[in-house]
Amino acid sequence: MSKEIERAGLPVAHVCSIVPISKTVGANRIVPSVAIPHPLGDPGKPPAEERALRRRLLETALRALATAVEKQTIFE
Amino acid sequence: MARKLRLVHYVNQFFGGFGGEEEADLPPRLEEGARGPGRLLETLAPDVEVWVTVVCGDNYAAQQPERAAEEICAALAAREKSRGERPDLLLAGPAFGAGRYGLACGAVCRGVRERLGIPALAGMHPDNPGADAHRREVVVVGTAADVMGMRDALEAMLRAGRKLLQGEALDPQRDGTLPQGRRRNVEAEKTGAERAVAMLLAKLRGEPFVTEYRLPVFDRVAPAPPLDDPASATIALVTSGGIVPRGNPDRIEAASASKFAAYSLQGLDGLTAQTHQTAHGGYDPTFANADPNRVLPVDEMRVLERAGRIGRLHERYYVTVGNGTSVEQARRFGREIAARLVADGVQAVILTST
Amino acid sequence: MAFELGHVGVERLELGRRTELVASTLQVEADALRAHLSHEVEGIRSLQVHVARPGESTRIACVKDVIEPRLKMRGGRIGEGRTHALANVAVVSCGQIVGFQEGLIDMSGPGAAHTPFSRLSLLVLEVDAAPELDAHRRERVVREAGLAAAAFLGRVGAGVEPDRIERVAPEETACGGDLPRVVYVAMLLSQGLLHDNWVEGRNAREGLPRSVNPAFLLDGGVVSGNCVSACDKNTTWHHQNDAVVRALLARHGSELDFEGVVLTNAPTRLAEKEASAHAAAALVSELGAHGAVLAKEGFGNPDADLMLLIRGLEGAGIRAVALTDEFAGADGASQSLADATPEADALVSVGNANARVVLPPVQRTLGPMESVPRLAGAFAESLRPDGGVEVELQTLLGSTNQIGFERLTCREV
């Protein structure tokens, strides 16, 4: 899905846990996330920390969207 | 007495008897009855008659395959109408190792099948460039590399053609057709465990073995240009993590999803366990159900929106379930979602996966 | 440490007034079983007990696990001493847990060929867990009920002389130095609710990878807690009868030197996946292996674990062969695996799980059939008006099992 959306001209930040799969399948802007059942969360943390973690991941995603890339790039 | 099988036979200028390389620009023409190898064909199969031979120059066909196919289809359609007769099958070639001829055969088969609905197959050597170009969409029977294999080629093409007409599945090992890139389930003689041990022993001994699945090379897409100014951009959320309104109103499947859906985020500052849930069956759902923002981060996107870090969170989000959903299906969803996003003026996407 | 598995053959299973094995007929007293289960397992609201036999027109829905009844006769540790197994019989636990997983077993018809359980006599438990319990607890109720029932049945093996004794003692066979040393790497899912497994009672998220004897698996060392997609879920029964272990034992001493088993897991975080794969490859290397057979469970993200393992092993000079199923779409034209690595040049395919099957109507159904459309591999119209079922192979329990029990494979056409 990431590639088709990008083919239409929109930059996509792929937030996912299993980066090797994203790399194999070909997403260009990859943001590693926490874990499969909760990519943008961490139930082991208190709520305020979890929100802060989520915000950081989204900030990284925004940075990825605003960065020119020539090949597959992982943003952390 | 049952009528004979009505065949359309496609050949190039040489096999059609018009000449050699100097006639390679010959435009397509219909010739009555069998020509060249078509006569041998009729000898091999007395219940088959070559209804018409289509002859076309290799250059003409290979340089503009679409146009050649169109013209041939128009001519065949006109002949059908004037005769009040419909052909049963089209055989193209055999082209053996001749590249332009092979490409032409593939294009003609495809055109005739798609435009006229006539079953079609081609014959050529597996290394023919036409084979590589067309075998995924067109049935290609593998032949020898040169005309010494003419008889065998025609017999194989006829056999495969009859099966095609019967609606029987064709199999590379049994019918000599080239693999079309589709995976088909079959029963092996031994269990998977036994085959695995045997394959390992062969690998360790340096003996030849054949992997039962060859990994593909995934295609790449050129990166889209970045956002100039995120603070003024409309950004959409898309997820394969299955976050849907509570109750899964559109019944997106837990696996092998047959659809995607769009839902409104208007007026929502975040998702809650009361308003949303996950439909995805491929991961432990408790964390996503307790707080769906962990998969679809609406709450923090709103924070970013209010803080002016992004222009707008797009009012709709798109969701499917990426659990055993095939790549082909996902590609289709991606294309449709992309079209809608572009139409809605969205400038970038954050795609979340589990 | 030799291990003996005594196979006690059961020809017929029926419900009756006592629980006993008389001349190959296993009779089970349902009330006694129920009493035993309510004593052993907290949280059962209600329980139904049925018998399903091979060839019957019976369909069982929402199967959680299948367990072979066993009784440890002597020996303190798993994989040592002697255990009696009731052959040709199994306990099937089914019931609603979360609703997306579990699978179907057909005892006859076209679906029967796609599951090993159609060939066994099955004691089917429809477990209804107390609704106020959360999903994690309900899963545990159903799992423990199945295990407790299998243990209850296993007790009849106490005074019986087995029909045949399988001696598992690979260390007793002298292997010539020219025989290649082979290790079996078994990957267990360890990903949370309905995606967990239990090794010697401990969640597979912890304590793995580790080396074990082949007998550890055959003696019930691994219990299944996983329910993602019935086609490639490894039931407890699959672990107890591990086909790769048996295939390697059969050739031990003649064609290869079966060095041992490495159990590893498939975590949800990338760093943990890498750590497990790295540690597993190191264990295989420590065992002096020349080659390894890799089995897995599930698909999608575990494909990444598989590729990491293959890369690690081949990189250390250990040749690897892996079993895997495929998700190539209903027409077989799609990419089959979620991940790839060039070193994965020796794969055994156990079939395309997206292929569709139409199952005819049956005379008897057990379990919540109304939940079938929500099972993985099913869809809204899966329950046909004529009473039949149309689903992907994905929904049939064990159809594309990646320990390699079945004969299904894929070819390119």
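**Close-up views of a predicted three-chain model**

**Figure 1. Strand β7 of chain B pairs with a strand of chain C.** β7(B) and strand β25 of chain C (residues 408-412) run antiparallel and are joined by 5 bridges. Within this pairing, B:Arg183 stands opposite C:Glu412 in β25(C). The model shown here and in the other views is predicted.

**Figure 2. The contact between chain B and chain C.** Chain B brings 58 residues to the contact and chain C brings 72 residues. Between them the two chains bury about 5,300 Å², and carbon and sulfur atoms give 59% of that area. Three residues, B:Arg183, B:Asn185 and B:Lys203, supply 14% of the area that chain B buries against chain C, more than any other three residues. The size of an interface is often given as the accessible area lost when the parts come together.

**Figure 3. Polar and charged pairs between chain B and chain C.** The interface of chain B and chain C holds 7 salt bridges. In a salt bridge between these chains, the side chain of B:Lys203 meets that of C:Asp345, at 2.8 Å from N to O. Residue pairs in polar contact between chain B and chain C number 25, counting those with both residues at pLDDT 80 or more. On the side of chain B that touches chain C, two or more residues come from each of α7 (172-175), β7 (183-187), α8 (192-205) and α11 (327-343) of chain B. α8(B) gives the largest share of this side, 12 residues. Sorted by class, the side of chain B that touches chain C has 23 nonpolar, 16 polar and 19 charged residues.

**Figure 4. The contact between chain A and chain C.** Here 13 residues of chain A meet 11 residues of chain C. The area buried between chain A and chain C is about 940 Å², with 67% of it on carbon and sulfur atoms. The interface of chain A and chain C has 1 salt bridge. A:Asp42 and C:Arg269 form a salt bridge in which the closest N and O atoms are 4.0 Å apart. The side of chain A that touches chain C has 9 nonpolar, 3 polar and 1 charged residues.

Figure 5. Chain B contains 11 helices and 14 strands. Its radius of gyration is 28 Å, well over the 20 Å that the globule rule gives for 354 residues, so chain B is more spread out than a compact globule. Along the principal axes, the C-alpha atoms of chain B fill a box of roughly 80 × 55 × 45 Å. Inside the chain, the side chains of B:Arg100 and B:Glu21 meet in a salt bridge at 3.0 Å, N to O. B:Arg100 lies in helix α4 (residues 99-116) of chain B and B:Glu21 in the loop between β1 (5-12) and β2 (29-32), so the pair ties together parts that are 79 residues apart in sequence. Over all chains, the structure holds 69 salt bridges.

Figure 6. Most residues other than glycine have a negative phi, and most peptide bonds are trans. B:Gly93 and B:Pro94 are joined by a cis peptide bond, with omega about 10°. B:Pro94 sits in the loop between β4 (89-92) and α4 of chain B. B:Phe96, placed in the loop between β4 and α4 of chain B, has a positive phi of about 45° although it is not a glycine. In chain C, a cis peptide bond with omega about 5° joins C:Leu208 and C:Pro209. The loop that holds C:Pro209 runs between β15 (202-203) and β16 (210-212) of chain C.

How values were computed: Residues numbered from 1 in each chain as written. Chains lettered and ligands numbered in written order. Predicted model: local features only at pLDDT ≥ 70, side-chain atom pairs only at ≥ 80, totals over all residues. Heavy atoms only, no water. Contact = heavy atoms within 4.5 Å. Buried area = accessible area lost by both parts, 1.4 Å probe. Polar contact = N/O pair within 3.5 Å; in protein donor to acceptor, adjacent residues only side chain to side chain. Helix = DSSP H or I, 4+ residues; strand = E, 2+ residues; numbered from the N terminus. Nonpolar A, V, L, I, M, F, W, Y, C, P; charged D, E, K, R; others polar. Pairing = 2+ DSSP bridges. Rg over C-alpha atoms; globule rule 2.2 N^0.38 Å.
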